[in-house]
Amino acid sequence: MKLPPSEVTSRPVYLPLAPELAAGRHWLVLDAPSMDEVLLAELASAFAPVAERLQVWSIGSLQPAMGLGPVTRLADLKAAASALAGQWPLRVSDRLCVQGSEPFVWSVFLAARELGLAESQIQLAHAGSQRRRVWCTHCHGFTEGVSSSTVACAGCGRELLVRDHFSRRHGAFMGVMVDAEVPGQRPVREELFP
Amino acid sequence: MISSGLKLKVVAVNDIAPSLRQLSLASVDGSALPPNGAGSHVLFNLPGQGRVHRNAYSLINPPGSRSQYDIIVRRVPTSRGGSAAVHERLQLGDVIEAQLPANLFPPQRRARQHLMIAGGIGITPFLSYLQDAGVKASGYALHLCCRESEREVFAPWLPAGDPQVFFHWDAEGHRLDIPALLARQPAGTHLYVCGPAELNQAVLDAAQAQGWPASQVHSELFGAASSGGAPFEAVLKKSGQSVRVGEDESLLEAIERLGVAAPCLCRGGACGVCVTPLLEGEAEHRDHYLSASDKAQGRLIMPCVSRARGARLVLDL
């Protein structure tokens, strides 16, 4: 289930997760629907050296995760953020590792930043769909699961051109009104990430 | 920018401790100086005996100061001349040349909290940090390791009665427990250390052992990294000259003595501006700029601090 690299050049490059042996507590947060057996086996072997200070959390139900040890199942991203907040006080030696779809990993990233973790304490890896989350520059609303080059904004209904511009602050690609210059003049909507 | 200079006049001299002298310098014509940032330093040309010493000192002014630059210089017993020049020869009203402020040690704007550890006169960059609005807004702590007798010396530049400034000295119950201090820091903290090499190394080692991300740990070596050593010959291939590097001068100083203008900025092996191709000879690398792999390849040298292992180096200058 390894995906071909995205052709969107501004997309962050995601490397495989790896524990840091000098660091302390590790949390591995997984987007269950995006994971498969091969990825789980790779993670189990990669994180074995820090097993005694590792917690594995899954959002959604994981297939029996061989070798990863006990997995705590969480209902949604909000529950994951609360669980992380429950680890207070967060220390400089803590590490958060997240794998899943792009909107998933960035949602966890932003929640963790909010709680005080530094970027250098967080690793993100991609798995699953390459569909994009789009942030509307007009109404500031999000449109999820976007597979096409243009999309109707879920917030304000404007037809948006999805720019190949990833915002780390929003964890989303920028969408701008596609026919702002010449109303009604719109390019053909292309499917990019089915 | 690196070569453009300032002419500065000494407008105040204060001896604040037996080995500490504070200087204020303003522009000769009274014009506004280029503003400094927290943690920045200025490279001064100091009048020595028969030669000019080029030493970098941290500015202790509030960030953005335009009227004068303030520095504190400790007289180093083993001084090669720079600090002795400040303590013995520099007089009120003297004019010296200096370069524009540069900053290799700025506070990190994304830090949730700034943890500063200073050894003695290594407090100087942090005196400007404590006057920085961003540092003040995000929270900080300063731990100064100094002689017990020098606890009050820096008081004029420290916020009065600041509960976030801690003093440590070499006596039972007063020493800084570095690993314990590091272990209790909240996530998002950036760590800064400025002091003698042993203190810097102890802090960097403790941070690494505790799993601090390297990008959250910053250090500045106080005092010139030692640049003296056994004398050797340096050959400058392009200009066809050669010079004997004496035991109390750096390779860079010897090159400057020939009149060859070599670019430089920190003169402490940190910034990388003076990096020079090495054509022959083995270098004794003392800088913090080149990677281990660069050093192993042996094709580059930082003449501000590094020297020869053998009798001769050939540089592509």
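Predicted model: local features only at pLDDT ≥ 70, side-chain atom pairs only at ≥ 80, totals over all residues.
Across the interface of chain A and chain B, one salt bridge is found, a salt bridge being a side-chain nitrogen of Lys or Arg within 4 Å of a carboxyl oxygen of Asp or Glu. Its partners are E119(A) and R110(B), whose closest N and O atoms are 2.8 Å apart. On the side of chain A that touches chain B there are six nonpolar, four polar and five charged residues; here Ala, Val, Leu, Ile, Met, Phe, Trp, Tyr, Cys and Pro count as nonpolar, Asp, Glu, Lys and Arg as charged, and the others, Gly among them, as polar.

Residues are numbered from 1 along each chain as its sequence is written, chains are lettered from A and ligands numbered from 1 in the order in which they are written, and side-chain values use heavy atoms, with hydrogens and water left out.

To return to the interface, chain A contributes 15 residues to the contact and chain B 17 residues, contact meaning heavy atoms within 4.5 Å. The area buried between the two chains is about 1,200 Å², and carbon and sulfur atoms give 46% of this; buried area is the accessible area (1.4 Å probe) that two parts lose on being put together, summed over both.

Over all chains, the whole structure holds 26 salt bridges. One of them joins E20(A) and R95(A), at 3.0 Å from N to O. Because E20(A) lies in the segment before β1 of chain A and R95(A) in strand β4, this pair ties together parts that are 75 residues apart in sequence. Strands, like helices, are DSSP runs numbered from the N terminus (helices: H or I, at least four residues; strands: E, at least two).

Let us now consider strand pairing in chain A, which requires that DSSP find at least two bridges between two strands. Strands β6(A) and β10(A) run parallel and are joined by three bridges, and V134(A) has F173(A) as its bridge partner. Strand β9(A), by contrast, runs antiparallel to β10(A), with five bridges; L160(A) stands opposite M177(A) there. These two strands form a hairpin with four residues between them, and G171(A) in the turn has a positive phi of about 65°.

Finally, chain B has an open sheet of five strands with parallel pairing, in the order β9-β8-β7-β10-β11. Strands β9(B) and β11(B) stand at the edges with a single partner strand each, so one side of each is left without a neighbour in the sheet.
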